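Please read the following report alongside the sequence and the coordinates.

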Amino acid sequence: MSVVIHHNPDCGTSRNVLAILRAAGAEPVVIEYLQTGWTQPQLLGLFAAAGLTPRSALRVSKTPAEEMGLTAPDVTDAALIDAMVAHPILVNRPIVCTPKGVRLCRPSEAVLDLLETLPPGPLAKENNELIIDAKGNRCG
């Protein structure tokens, strides 16, 4: 299965999603977007495929989004995309692409919907909440 994760190694959710992908037998292409950055077409394509708007993909926590005035309701999608290209940290993460689709995997268990087969359990997310039990069944 071809898998891509737009990953921030400093993010617990992103690290957990990467671990889930690997536990499911995938060795994803890992794109550390804080290093590589984004392009406008790339973001537009990812957001369209994931059913996201630039506003819904905007990361506000631990970013300069508020200081930059990006949370104001009158900020356009184009302005948000421009800001995300200039400041890659503004894009919420991780975004995962598989043959089953594209999704912002926050919370981390959202990645399970993109997998052909679930990883063996037990498996917990970053707050230790069980998402797959010892029998390999989804929890919750």
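Pro-122 lies in the loop between β4 and β5, where strands (E, at least two residues) and helices (H or I, at least four residues) are DSSP runs numbered from the N terminus. A cis peptide bond joins Gly-121 to Pro-122, with omega at about 0 degrees. The loop between β4 (101–104) and β5 (123–124) also holds Pro-107, which a cis peptide bond with omega of about 10 degrees links to Arg-106.

This is a predicted model, in which local features need pLDDT of at least 70 and side-chain atom pairs count only at pLDDT 80 or more, while totals for chains, interfaces and linings use all residues. Residues are numbered from 1 along each chain as its sequence is written, and side-chain values use heavy atoms, with hydrogens and water left out.

Most residues other than glycine have a negative phi, and most peptide bonds are trans.

| Residue | Phi | Loop |
|---|---|---|
| Lys-62 | about 60 degrees | between α4 (54–57) and α5 |
| Asn-128 | about 70 degrees | between β5 and β6 (130–132) |

Turning to the helices, α3 (residues 40–50) and α5 (residues 77–86) pack at an angle of about 120 degrees with their axes 9 Å apart, the axes being lines fitted to C-alpha atoms over the stretch in contact and the angles running from 0 to 180 degrees between N-to-C directions. Gln-40, Leu-43, Leu-44 and Phe-47 of α3 meet Ile-81, Asp-82, Met-84 and Val-85 of α5, contact meaning heavy atoms within 4.5 Å.
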